[in-house]
Amino acid sequence: GDPAAEIGDVVTLELDEHSAASARLVEQTFDFSSGVLAGCKAALIQPIGIRQYENQVQLTESGSWTVPEDVYVIHVVLVSGGDGGYKGDPGSYDEAGDDGEDGAGGKVLARGLNVLPGQVMPVTIGQGGAANGGKGGVTTFGPLSADDGRAYTPSYTDIASGRAFGRIGVKLPRPGSGDGGKGGKGGAKGQRHEGKSKDDHGFVTKTWVVDVRPGKGENGSPGASGCVMIYWDR
């Protein structure tokens, strides 16, 4: 659990290195030992999308989508591609390098849209930004653009599908999530000591003797491509 969360909050659950889900907090207990918080257990509930909508589909490739028969209103969630994480700074003999900045999650736009049966909606899926600071592409659906939405911290929680989109700084972002890439680790601090050498004339020269060279900064992770979630009732 999360002591900062309150009953009724929608929270993001990190399922693994790739993916996350959203759920609503319905119960939370705290266990104390000698006045110190020793445990925090939480009970969460995740709705099933079909209870809100009869139909749903996730589009992860650019192309088009045709409105089904007898459908006049749809709900769409557009997620742009996430940015790539930045490369970590190299280390020096004085200090370790700073970790690279995490890539931002893609912008998200959720909107209801009036449509006509058989209407063909062009779709552009924003690609994830390349490693080391690449910017994610913009997702569009018909007249809508995710650029008109905004980025969410720590993510956009879509209750209808039970998924989280547009997370920040994910090590292994899953395609179609709009997650930003993790920044690379900074290089390790190098080690050296002062040495002395004497020439044929007895002159002493001080030199640095390298024990461990400073580490190079690691590359950041690329961002994930975006998607379009579409929900509708007949």
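A residue is termed buried when its relative accessible area is under 20%, exposed when it is over 50%, and partly exposed in between, with a 1.4 Å probe and protein chains only. By this criterion, 38% of the 234 residues of the protein chain count as buried. The structure is a predicted model, in which local features need pLDDT of at least 70 and side-chain atom pairs count only at pLDDT 80 or more, while totals for chains, interfaces and linings use all residues. Residues are numbered from 1 along each chain as its sequence is written, and side-chain values use heavy atoms, with hydrogens and water left out.

The protein chain contains 15 strands and zero helices; these elements are DSSP runs numbered from the N terminus, with at least two residues (E) for a strand and at least four (H or I) for a helix. The accessible surface amounts to about 13100 Å², and 49% of it belongs to carbon and sulfur atoms. Such areas come from the Shrake-Rupley method with a 1.4 Å probe, and for residues only the protein chains shown count as cover. Among contacts in the protein chain with a separation of 6 or more, 70% are between residues 24 or more positions apart, a contact being defined by heavy atoms within 4.5 Å.

Two open sheets are described here. Strands are regarded as paired if DSSP finds at least two bridges between them. Val-79 is placed opposite Cys-227 in β15.

The other open sheet also has four strands, with the order β5-β8-β9-β10 and antiparallel pairing. Here β5 (63-66) and β10 (144-145) are at the edges, and each has a single partner strand, so one side of each lacks a neighbour in the sheet. Strand β5 runs antiparallel to strand β8 (residues 120-124), and four bridges join them. Gly-63 has Val-123 in β8 as its bridge partner. Ser-64, also a residue of β5, touches Val-120, Met-121, Pro-122 and Val-123 when residues up to four places away in sequence are not counted. Although Ser-64 and Val-120 are 56 residues apart along the chain, their C-alpha atoms are separated by 6.5 Å.

Most residues other than glycine have a negative phi, and most peptide bonds are trans. Asp-70, in the loop between β5 and β6, has a positive phi of about 65° and counts as exposed because its relative accessibility is 57%. Asn-132, in the loop between β8 and β9 (140-141), has a positive phi near 70° and is partly exposed, with a relative accessible area of 33%. The peptide bond from Thr-153 to Pro-154 is cis, with omega near 0°, and Pro-154 lies in the loop between β10 and β11 (156-158).
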